[in-house]
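Look first at the sequence and the model shown below. The paragraphs after them go through the parts step by step.

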Amino acid sequence: MYLWDYRELIGNLVVSDLKIKYADSMLGFAWSLLNPLMMMVILYLVFSNVYKSTQENFVIYLLIGILSWRFFSLVTTSSLEAIVAKESLVKKIYIPREILTLSMVISGLISSFLEFLVLIPLLVVLGVGIYPAILLFPVVQLLFFLIIYGLSLILSSLYVYFRDLNQIWGVAIQLGFFLCPIVYPLSLVPAQYQAYYLLNPVTRIMVMYRDIFLSGTVPGLSDFLVVLAFVAFFLIVGNLVFSRLARRFAEEV
Amino acid sequence: MGPLFKNRDKQDCKDAIVVKDVSKCFRIPREKKRTVYENVLGIIKGNFGYEEFWALRDVDFTVKRGETFGVIGPNGSGKSTLLKILARVLYPENGSVAINGRLAPFLELGVGFQPELTAHDNVYLYGSILGLMRKELNGKYEEIFEFAELKRFENVKLRNFSSGMYVRLAFSTAIQADPDILLLDEILAVGDEHFQKKCTDKIEEFRRSGKTIVFVSHDLDAVKKLCRKTLLLNGGEVVALGETGEIVEEYLGLVGNTKNDRGVKGTAKIKKLAYT
């Protein structure tokens, strides 16, 4: 992997991105933890009467959905700008351009890791408990990261040419929120549509997160294979699209 | 990493840069279409064309190791495009470019500087963009701030820097990249008289230590002084390549013949250092 030669640059870009994101203040970071918690409370108040009876530990169920969805939606949305926002690094000097997208996604990965930390005390307080399956969290998170990275490669390179893609993606994200089992249980989806419903990689990952945190079970091998297939698909297509479009970045940015 | 660029880190290779039949075409859309909406509209209206502008055509030359190589030509002749292709910022339509050794493009200084970070952080960030490892930078850290004369300000955020301090820091970091090949777009006008002298001395030191320099300029005196061999471009094509003295004569002849109101000779543009 030639990107390994650029590990320090990637590290520096990630750190400076995080520093700017959290603006050197603890409040900036605290805010990013409060945000999903407040969303959890709001969604709980709205949906608890509807689904409380069908879904055990609905609060935690909601929070896992929200945290994983935040990882996906925040990173893909910000990655649209990954190339365009670093115009000078594209036009004035040569570095492999996928570094810009990669460092943005890594910075999102770290934020997401920290956000998931708020889940741990809640698991204990609300009586769910902590299962050994939790050790699989980094694995699931890594698989999710790779899917998001592949998709971000496509989005960031297309955005250079199509500047209204952020509008389109904003709508897609809103739609996606309801296409994933975040506020409703998976069992709500009619049986005949389940197969199609599970074609969504984000749903697959969400189910895995809930397996390891909520029910303490290890996702099956077939589940991992399906997710790995998604990972391969997004990485291959992402790199193909990106390397093709990257040739004219310096002219189009 | 494009297949057209072969970065063979071979120090014993005689040629530092080999450019073969390089052409570059810019697409100039008849209508600027930057959105999906405009593109869909364009397809419906049956208007999805762009005009081609060939900035370079079949450019072919070799720069030997240790050579200071000049590139001259009137405005719009493709000099900067050529330099950007060497720097790998632009991708040529066809042809190939082989670079043997570590390349430092001085197209612009301070690329990637973050105003919200301190000078200290920015040196490490900028250094890594230029391909310097943290370990190397640690050893050169003092030297960078000494050369820039900014030791007192190392923990100040860059947005509080004056433009002069900004470029001094950038230049001091950039020269630490220890390149084999330097790409220079005009002599860098960095800071005040005193610091400019230091910069010119540094470039001269690079030259004497056997580094390869590609120097693009309108300043014919500087080209004559620095370069032994020079390439003359006009309209994106190579007009002549050879001893600097002869080429400069040829250039003056060319400019004299096609004297237009753009006043080619007088517009020695001063490289503006952008603050990004």
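This is a predicted model: local features need pLDDT of at least 70, side-chain atom pairs count only at pLDDT 80 or more; totals for chains, interfaces and linings use all residues.

Residues are numbered from 1 along each chain as its sequence is written, while chains are lettered from A and ligands numbered from 1 in the order in which they are written.

Chain B contains eight helices and ten strands. Both kinds of element are DSSP runs numbered from the N terminus: helices are H or I with at least four residues, and strands are E with at least two. Of the 276 residues in chain B, 40% are buried, a term for residues with 20 or more other C-beta atoms within 10 Å of their own, C-beta atoms being placed from the backbone. Two residues are in contact if their C-beta atoms, placed from the backbone, lie within 7 Å. Among the contacts in chain B with a separation of 6 or more, 74% are between residues 24 or more positions apart.

Next comes the sheet. Six strands of chain B form an open sheet with mixed pairing, in the order β6-β7-β8-β4-β9-β10; two strands pair if DSSP finds at least two bridges between them. Strands β6 (103-106) and β10 of chain B are the edges, each pairing on one side only. On average, neighbouring strands of this sheet are turned by 15° against each other, direction ignored; the angles are taken between N-to-C directions, from 0 to 180 degrees, of lines fitted to C-alpha atoms.

Strand β9 (residues 229-234) of chain B runs antiparallel to β10 (residues 237-243) of chain B, and six bridges join them. One bridge pairs B:L233 with B:V238 in β10(B). Two residues lie between the strands of this hairpin, where B:G235 takes a positive phi near 55°. Strand β9(B) also pairs with β4 (residues 68-72) of chain B, in the parallel sense and over four bridges. There, B:T230 in β9(B) is the bridge partner of B:G70.

Helix α2 (residues 79-86) of chain B is mostly covered, with seven of its eight residues buried. Among them are B:K79, B:L82 and B:I85. Just after α2(B), B:R88 takes a positive phi of about 70°.

Where does chain B touch chain A? There, 27 residues of chain B are in contact with 23 residues of chain A. Two or more residues each come from α1 (36-45) and α3 (119-129) of chain B, and α3(B) gives the largest share, five residues.

Key:
A residue is buried if 20 or more other C-beta atoms lie within 10 Å of its own, exposed if 12 or fewer, and partly exposed in between; C-beta atoms are placed from the backbone.
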